[in-house]
Amino acid sequence: MAERSFAKEVEQLRLGDGDTFEGEGILAVTKALLQSGVSYVGGYQGAPVSHLIDVLNDARPIMEELGVHVENCASEAGAAAMLGASINYPVRGAATWKSTVGTNVASDALSNLASAGVVGGALIVVGEDYGEGASIIQERSHAFAMKSQIWLLDPRPDHPTIVRMVEKGFELSEASQTPVMLELRIRACHVQGSFPTKTNRKGEFSGVNRLTEPVFDYAKVCLPPSTYAQEKEKIETRWPAAVNFVRENRLNEVFDGSADDVGIICQGGMYNAVIRALQQLGLADAWGETRIPIYCLNVTYPLVPDEVSGFCASKRAVLVVEEGQPAYLEDAINTVLRKADVQTRVMGKGLLPMAGEYTGAVVLAGVADFVEGAVPRGVDLRPVLEKRAVIDGHRARGQELLGEPVPTRPPSFCTGCPERPVFSAMKLAEKEVGKFHVSADIGCHTFSTLPPFNIGNTVLGYGLGLASSSGIGPNFEQRTVSMMGDGGFWHNGLTSGVANAVFQGDDGVLVIMNNGYSAATGHQAIPSSVKGGGVRTGGFQPDGQDIERALRGVGVTWIRHVRTYSVPKVISVLRSAMTEKKKGLKVIIADGECQLARQRRIKPEIRKRIADGKRSVRERFGVDEDVCTGDHSCIRLSGCPSLTVKDATDPLKDDPVAHVNNDCVGCGLCGEVSHAAVLCPSFYRTGIVSNPSRWDRFRQRFADRIIARLSVRKAA
């Protein structure tokens, strides 16, 4: 997830009545929060809603004017716990994180929040990171909504609808005294659009109008006997109130169609895919006018039974477009209809797959099969089937032209990534100490499980690399190695991993990747981030929190810092940790700033130096193809995207030679690996000098003369 600044776009958050917002979905959500009079927002970064935290931070001056407290929380649990402010007080709050893994972390706080109920509106914006582009296991937020009785909004990916759902989400929360979850797929987070704005509202109580008296109500405390009454209240009072609010405010949408003997019921987030499929089949136009009626569920939990039965009553069959499994909506709709004695046939899973993302092609196939089988009244199937055949023909022709399936391109470390050298060192260290079990962790370093490294036997959760070693470590002949990022360390790793390992007396090796940021989600700051960039490289700095100090605070005594790009030193420290006779946890802090963040920081500085006429040197690495043998061990041990191959210019060489392309950032890993692995000496380092000095020019002329003489001698 590349970092992005919203410094310019956030000015749109000041728009008032009669103005028009244009931009990205995440900004629209932020504007809707401010229009709703939110008093506090907390969150933990994670795709696809990590940008919401970035927007809030870029807009801090606006937040301060409105008295809105913004907090980058230590974890999703911390963000959920912030919503406790709305339990007793009429203050509106919002929290955000990636679902479902983030919701897992927050589940304890969510259970208590939902049980106690809220007075002020509480809205949870979750990134529903589900499908082919997801970075997590395939689960849905729907189960959590059902488990804890949290109402679930799934807005149609359309700016006015998204903004209305945010605003109505707060109202729904207050009307039913229940927290509300709003899920946003990546389609909604980054969709471009516009909507008419309203003037921002200050919260009833906020940083500019503070509460003065505390409220105590034991009925809001989650302990027996209060919890017994809370459960009863959820079912007998809050649930009916939510259903009435959804019905009366028409949060769900019905799009009428002429072929009204059949219909489609879809999650709000799937509406665009459904209407696009109908357009491709000639059953809807570009403006959304459809011939097949659609019941769009912007609220997927709770359902409104009379709306469901009313939509289905006059229809022979309906198709439920519900992404993911289990089929919560399909099963619930069947139950509602049978209880209402409505015999409409409900179709869904079967025509559509049980698992996997509902891409445009998947939805098109399912809708086409439904239309072909249901034969809607007044619809001529011949042109529909012809259009589908044309689309299928294009797809088949494309596959035919390709000849073979396009090879997959697995994700990989960025060019110059400081974490890649550690895994190169691990592969080399294994040749000395033998192969060892590696418990991997969530973050950039998870890419180590892919080629060319294939290092990492298990991945259990963010910050849980060390905790997941506690079972296998005692059963392994030699020490196991656990991975952890600095973000994961502060999120969950310090307590669940390190403190527990010290308490249990575990004897293992932990490698902490100290790259300075929560890098995988866009370079958000973490407790150990250094102002202005860079990473701490040992010692206790007084200007912030320190990983080594935290480790020593919980009892770790064996701690070593190592610069990640120094492959021989990393190998040496790994060897020492694996062979140390003294028992106990050994921690290696691998220091190396995220190269993407570093490049963004130094490139403007370099450009300014060059523009000011000052000397600047940029290092690049290359391969002498006269020396390169074409073995390519350097590539297998490095995996750098800038290290590739090209055809040799020497006609006597059959194999391609290694080549460093223009993406090189000069980290030096290729040369370090070649040196550590005792490979061929074909790598060289050179400096590209801008605004050279007289001494630079003299040295270059002198070097050119020497090279020219040697070249003449060689030719002779």
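The model is predicted: I required pLDDT of at least 70 for local features and 80 or more for side-chain atom pairs, while totals for chains, interfaces and linings use all residues.

**Terms for helices.** I took helices (H or I, at least four residues) and strands (E, at least two) as DSSP runs, numbered from the N terminus. Axes are lines fitted to C-alpha atoms, for helices over the stretch in contact, and angles run from 0 to 180 degrees between N-to-C directions.

**H16 and H19.** I looked up helix H16 (residues 420-433) against helix H19 (residues 567-579). Their axes come within 9 Å and cross at roughly 50 degrees. That makes H16 oblique to H19 (under 35 degrees is roughly parallel, over 145 roughly antiparallel, 65 to 115 roughly perpendicular, the rest oblique). I then listed the contact (heavy atoms within 4.5 Å). H16 brings Pro421, Val422, Ala425, Met426, Leu428, Ala429, Glu432 and Val433. H19 brings Val567, Val570, Ile571, Leu574, Arg575 and Thr579. By class, I have 11 nonpolar, one polar and two charged residues in the contact of H16 with H19 (Ala, Val, Leu, Ile, Met, Phe, Trp, Tyr, Cys and Pro are nonpolar; Asp, Glu, Lys and Arg are charged; the others, Gly among them, are polar).

**H16 and H22.** I next took H16 with helix H22 (residues 669-676). Here the axes come within 11 Å and cross at roughly 10 degrees. H16 is therefore roughly parallel to H22. Arg420, Pro421, Ser424 and Leu428 of H16 meet Leu669, Val673 and Ala676 of H22. The classes in the contact of H16 with H22 are five nonpolar, one polar and one charged.

**H1 and H8.** I found the axes of helix H1 (residues 25-35) and helix H8 (residues 159-176) within 9 Å, crossing at roughly 35 degrees. H1 passes H8 in a right-handed crossing. Gly25, Ala28, Val29, Ala32, Leu33 and Gln35 of H1 touch His159, Ile162, Val163, Val166, Glu167 and Phe170 of H8. I noted eight nonpolar, three polar and one charged residues for the contact of H1 with H8.

**Rings.** I counted 14 aromatic pairs (rings of Phe, Tyr and Trp, its six-membered ring, with centres within 6.5 Å; planes under 30 degrees apart are stacked, over 60 edge-to-face, the rest tilted). One aromatic cluster holds Phe413, Phe423, Phe447 and Phe453. I also checked charges over rings (NZ of Lys or CZ of Arg within 6 Å of the ring centre and within 35 degrees of the ring normal). Arginine 156 has its charged end over the ring of tyrosine 271, 5.0 Å from the centre. Lysine 315 lies over the face of phenylalanine 311, 4.3 Å from the ring centre.

**Backbone.** I found a cis peptide bond between serine 99 and threonine 100, with omega about 10 degrees. Threonine 100 is in the loop between strand E4 (93-99) and helix H6 (101-116). Proline 451 and proline 452 are joined by a cis peptide bond, omega about 5 degrees. Proline 452 is in the loop between strand E15 (438-440) and strand E16 (458-459). Arginine 250 has phi near 50 degrees, positive in a residue other than glycine.

How values were computed
Residues are numbered from 1 along each chain as its sequence is written. Side-chain values use heavy atoms; hydrogens and water are left out. A crossing is left-handed if the near helix is turned anticlockwise from the far one by less than a right angle, and right-handed if clockwise.
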